[in-house]
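Me: I have a model open and want to go through it piece by piece. Can you take my questions as they come?

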Protein chains: 2
Amino acid sequence: MRNRPKLQDVANRAGVSVATASQVLRGTGRISENTRKRVQEAAQKLHYVPDDRAVSMRSGAKKEIGMIIQRIANPFNAEVISGVSDLLESKGYLVSILDSQDDLDRQRRNLEAFIRNSRGGLIWVPSQDTPQSVADLLHAHQLPVVTFLRKFAFGTFDHVGIENRRAIETATQHLVSLGHSKIAYFGGEADVDVRQERIRGYTNIMKANGLGAPIIWDAADDKLAGMNAMLALHKERPDITGLVCNGDVVALGACHAMQKLGLLPGQDISVIGFDDIQDAGLATPSLSTMAVRPYQLGHLLAQTILTRLNEPNLPVNSTYIAATLVARETTGKLLA
Amino acid sequence: MRNRPKLQDVANRAGVSVATASQVLRGTGRISENTRKRVQEAAQKLHYVPDDRAVSMRSGAKKEIGMIIQRIANPFNAEVISGVSDLLESKGYLVSILDSQDDLDRQRRNLEAFIRNSRGGLIWVPSQDTPQSVADLLHAHQLPVVTFLRKFAFGTFDHVGIENRRAIETATQHLVSLGHSKIAYFGGEADVDVRQERIRGYTNIMKANGLGAPIIWDAADDKLAGMNAMLALHKERPDITGLVCNGDVVALGACHAMQKLGLLPGQDISVIGFDDIQDAGLATPSLSTMAVRPYQLGHLLAQTILTRLNEPNLPVNSTYIAATLVARETTGKLLA
DNA sequence: CAAAGTTGATATAACGTTATACCTAGAGTC
DNA sequence: GACTCTAGGTATAACGTTATATCAACTTTG
């Protein structure tokens, strides 16, 4: 069926042995100008491309890095992917993406597929509640791994994350400084570690300023879900004037709901998001947020996995990058 | 360095030969209950996962399908990916994604990487102006290919597309029926085939109704670009009351610009988009659009590549799916 | 002119797996 | 007891590539 040209075909056409053909194409060994030309021409004509399965079996690791992330659809993730790809491709690596949809079965299948295909390394956002057995699997295969955003409880892998607690402290403090005291933490789903860290930042500031019991409100990472959650929240707690959000997408959903309720974000209720996706700056009113540079985050990830590949014995390393406050229109002084 | 467990290790641990171990794990041949158990246990303990490079070299094609698309970040594409993955994964295939960023060099590298890695098949959105040589490359390797959205001029591959001309005819007719006559085609970049098809639909209706010269306005597929393009368009042609857009994203950008200009989409200017992304329904005012079900489109793509894989000799097949009009708030009667 | 180098090419093994052919020991048959 | 048969297992080749060792044909050298 599939009958791709192989080195044998190139060699035949050029009238040399496979060994010679290989040497020409690899640029190794001693070969005369004459045969070199003939082989190269033959390879061109046949559109020869080496079979990486054979190459990597014969001589070491594959220059292919994989990423397993939760949702390709999320624009923040897409930017991260760009950052990773640009750097790694410039070093001759291929980057391929799998979407785990935050589903444990799917993640398991994806990981096994990864190992089966002998990817060179893995950049990975572990799904919530990933079991110990997955760590065993990865360690058994000595796959170079960098976790991303979410730290994996059972594994000791390199990690690149965001200073979640500090970022949310800054965000919450921003609202407090504007005079707000009835502030809720909005969005994300229960028991997700990253969110827990962020909530810790939120409660820290609430406590430090003596501002009553924390209010935590769930919402899936999706604009529609954010909108509905806000409608529900407002019904139950109409006294709230400040929203610290788990992400820009839910924040925008919440703003949308407010407008439906005849409330003006930034005036009636202040809202601050997380990520600084493109829509944040373009929305009306424009969304205040904690900005993370996803493209640079991608670069950092690429650097980290490269370092691990080159120096497998280096101690495990964690890096956290800071988020910066971008105050736009959805946060404003509390009206008396 | 990397030292993953191999069949040899499993065999040693179970005290049998590699051949036997292989047969147990594959479930072929005749093996006693006793040894079967021992081998399986050993495999478990060692977290053995077969090396697909070796497997697929030995016995046929790889169950891995790749996709090369323009922009992972586009939410429409992300939905398509979901549709493809869900179906193919249920059949035991792995789906991996590459982002070509519509860049010819990058696309070339991605394709060669694909061939090097001997993927089983390819779902591909060809970049604009992809040269003949790429078709030669693909045919030389007899790679099963389905093109998607954009038809590739030089290749004869299966294709899944959208009825672009008909869809835009419907969209334009919708505006005409509402009384508009100064209608522009908005968004997309020059010389892109898909856009040309759509523009044909637009000009058809303009001509059929005797409505002056067509007005074509470029804008990259990006909300910010759409916004800026609309500002420019309005400066030059303030008389325009209808916008047929190349995509929802630019359409939303245009609506945003209108609001900045003090114009109300659906009242002062009617706007119709393309794709029906989630934000279209959630925007204020909500965006009228030509809806395509991206998830189903993904399913269709998956079906098509599977058929091609199973029956390599079937004649080349093209399928076009229709888009349906979703009239929301941004299209309204022309005010006298 | 024999010994030693040099040049340009090739034969061969190995990577991890599986399909095929082959082997051995015991059971059944006459 | 010599025979076939079967159950249960193993040795081996092959997939496409490359690194190593090897080889043949000249060239140089003393």
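Me: Which residues come closest to DNA strand D?
Reply: A:Lys6, A:Leu7, A:Ala54, B:Ala19 and B:Thr20 are the closest of the 29 residues that surround DNA strand D. A residue is near a strand if its C-beta atom, placed from the backbone, lies within 6 Å of it. This is a predicted model, in which local features need pLDDT of at least 70 and side-chain atom pairs count only at pLDDT 80 or more, while totals for chains, interfaces and linings use all residues. Residues are numbered from 1 along each chain as its sequence is written, and chains are lettered from A and ligands numbered from 1 in the order in which they are written.

Me: Which elements supply at least two residues of that surface near DNA strand D?
Reply: From chain A, H1, H2 and H4, and from chain B, H2, helix H3 (33-46) and H4. H2(A) has the largest share, five residues. Helices (H or I, at least four residues) and strands (E, at least two) are DSSP runs, numbered from the N terminus.

Me: How do the residues there divide by class?
Reply: The surface near DNA strand D has 12 nonpolar, 11 polar and six charged residues. Ala, Val, Leu, Ile, Met, Phe, Trp, Tyr, Cys and Pro count as nonpolar, Asp, Glu, Lys and Arg as charged, and the others, Gly among them, as polar.

Me: And DNA strand C, which residues come nearest to that?
Reply: A:Ser17, A:Thr20, B:Lys6, B:Leu7 and B:Ala54, out of 29 residues around DNA strand C. Elements giving two or more residues are helix H2 (18-26), helix H3 (33-46) and helix H4 (52-58) of chain A, and helix H1 (7-14), helix H2 (18-26) and helix H4 (52-58) of chain B. H2(B) gives the most, with five residues. By class, the surface near DNA strand C has 12 nonpolar, 11 polar and six charged residues.

Me: Back to H2(A). Which of its residues are buried?
Reply: A:Thr20, A:Ala21 and A:Val24. A residue is buried if 20 or more other C-beta atoms lie within 10 Å of its own, exposed if 12 or fewer, and partly exposed in between, with C-beta atoms placed from the backbone. The buried residues of H2(A) fall within an arc of 100° seen down the helix axis, so they line one face of the helix. That arc is the one spanned by the directions from the helix axis to the C-beta atoms.

Me: What covers them, and what sits on the face turned away?
Reply: The cover includes helix H1 (7-14) and H3 of chain A. The face turned away from the buried side carries the exposed residues A:Ala19 and A:Arg26. Just after H2(A), A:Gly27 takes a positive phi of about 75°.

Me: Zooming out, how many helices and strands does chain A have?
Reply: Chain A has 13 helices and 12 strands. Its radius of gyration is 26 Å, well over the 20 Å that the globule rule gives for 336 residues, so chain A is more spread out than a compact globule. The radius is taken over C-alpha atoms, and the rule is 2.2 Å times the number of residues to the power 0.38. Along the principal axes, the C-alpha atoms of chain A fill a box of roughly 90 × 40 × 35 Å. Of the 336 residues, 48% count as buried.

Me: How many residues of chain A are in contact with chain B?
Reply: 51 residues of chain A are in contact with 51 residues of chain B, where contact means C-beta atoms, placed from the backbone, within 7 Å. Elements giving two or more residues to the chain A side include helix H5 (75-90), helix H6 (104-116) and helix H11 (248-260). That side divides into 24 nonpolar, 13 polar and 14 charged residues.

Me: Which residues touch the most other members in the largest nonpolar core?
Reply: A:Val244, A:Ala254, B:Val244 and B:Ala254, in a core of 187 residues. A nonpolar core is a set of buried Ala, Val, Leu, Ile, Met, Phe, Trp, Tyr and Cys residues joined through C-beta atoms within 7 Å.

Note on methods
Contact = placed C-beta atoms within 7 Å.
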